[in-house]
Amino acid sequence: MNVIGTDDYASFIGPNAGKYLFNFAKFQSLRDGFVATWHWPAFLFGFWWFLYRKMYFWAFVTFLVGFLPFGNLIAQLGYGLSAYFLYYRDTTAKIAGIMSMYPSQNSRMILEDTGGVHGWVKFVGIICFFLQPAWIFVVSLLFGGAFLCSFQQVMM
């Protein structure tokens, strides 16, 4: 099995590789063990950050957790504390898979294409951020009266 080097991680990670490699070294020193780190983007924008970093499973999990009452804040703390570790595990598994599929070839281009980030996520996130209040306004105009009537009936 090929050993994953710093250059392999840097090629796969893309933007801000130095910040990630610094934290990856912590996990490697513990033989892939967990140590709490803090990642502000994952804490503040969990779903969008996971999607940006091409971690589709975790993006799906954060999407579902977002529907739980009061669970979202606790989950956001978990994302902030474990994002670097989750990304380390995901990155290590994907690089190992690429290196096993293409053992004799120069896998640098494949790592760069497979890894990296989705640039479009930033734009879609900003659009959704501004559309959400508009959506809430429209729904409240359409269904707000029905909610008030049913609330009055419950209170009587």
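**Figure 1. Overview of the protein chain.** Buried residues account for 33% of the 156 residues in the protein chain, where buried stands for under 20% relative accessible area, exposed for over 50%, and partly exposed for values in between (1.4 Å probe, protein chains only). The model is predicted, and local features need pLDDT of at least 70, side-chain atom pairs count only at pLDDT 80 or more, and totals for chains, interfaces and linings use all residues. Residues are numbered from 1 along each chain as its sequence is written, and side-chain values use heavy atoms, with hydrogens and water left out. The protein chain holds eight helices and zero strands, and the order of elements from the N terminus is α-α-α-α-α-α-α-α. Helices (H or I, at least four residues) and strands (E, at least two) are DSSP runs numbered from the N terminus. A contact is a pair of residues with heavy atoms within 4.5 Å. Among contacts in the protein chain between residues at least 6 apart in sequence, 72% link residues at least 24 apart. The protein chain has an accessible surface of about 10400 Å², with 72% of this area belonging to carbon and sulfur atoms; accessible areas come from the Shrake-Rupley method with a 1.4 Å probe, and for residues only the protein chains shown count as cover.

**Figure 2. The largest nonpolar core, with 29 residues.** A nonpolar core is a set of buried Ala, Val, Leu, Ile, Met, Phe, Trp, Tyr and Cys residues joined through side-chain atoms within 4.5 Å. F24, W49 and Y87 have the most contacts inside the largest core. Two or more residues of this core come from each of α1 (6-13), α2, α4, α5 and α6. The greatest contribution is that of α6, with eleven residues. Not counting residues up to four places away in sequence, Y87 touches F12, I13, Y20, F24, W49, R53, M55 and G116. In soluble globular proteins, nonpolar side chains tend to be buried together.

**Figure 3. The largest pocket and its lining.** Rolling a probe the size of a water molecule over the atoms shows where empty space is left. The largest pocket contains about 970 Å³ of space. Its lining has 28 residues, and those closest to the centre of the pocket are L44, F45, G46, F47 and W48. On a 1 Å grid over the protein atoms alone, a pocket is an open set of points where a 1.4 Å probe fits, with protein on both sides within 12 Å along at least five of seven lines, whereas a cavity is a set from which the probe cannot get out; lining residues have an atom within 4 Å of a point. Grid points are joined across faces, edges and corners, and the volume is the space filled by probe spheres set on the points. At least two lining residues come from each of α2 (17-29), α3 (40-44), α4 (46-52), α5 (56-65), α6 (71-101) and α8 (120-155). Helix α8 gives the most, with eight residues. By class, the lining has 16 nonpolar, nine polar and three charged residues; Ala, Val, Leu, Ile, Met, Phe, Trp, Tyr, Cys and Pro count as nonpolar, Asp, Glu, Lys and Arg as charged, and the others, Gly among them, as polar.

Figure 4. A59 is buried, because its relative accessible area is 3%. Apart from neighbours within four places in sequence, A59 contacts F47, F50 and L51. W49 is ten residues from A59 along the chain, and the C-alpha atoms of the two are separated by 8.0 Å.

**Figure 5. H118 and G119 in the loop between α7 and α8.** H118 has a relative accessible area of 16% and is therefore buried. Leaving aside neighbours within four places in sequence, the contacts of H118 are L51, Y52, K54 and Y56. G119 counts as partly exposed, because its relative accessibility is 38%. Between the C-alpha atoms of G119 and R53, 66 residues apart along the chain, the separation is 9.4 Å.

**Figure 6. R31 and K54, two residues with positive phi.** R31 is not a glycine, yet its phi is positive, at about 55°. R31 belongs to the loop between α2 and α3 and is exposed, with a relative accessible area of 77%. K54 is likewise a residue other than glycine, with phi near 60°. K54 is part of the loop between α4 and α5 and counts as buried at 12% relative accessibility.

**Figure 7. G14 in the loop between α1 and α2.** G14 is partly exposed, because its relative accessible area is 33%. From C-alpha to C-alpha, G14 and G115 are 7.2 Å apart in space and 101 residues apart in sequence.
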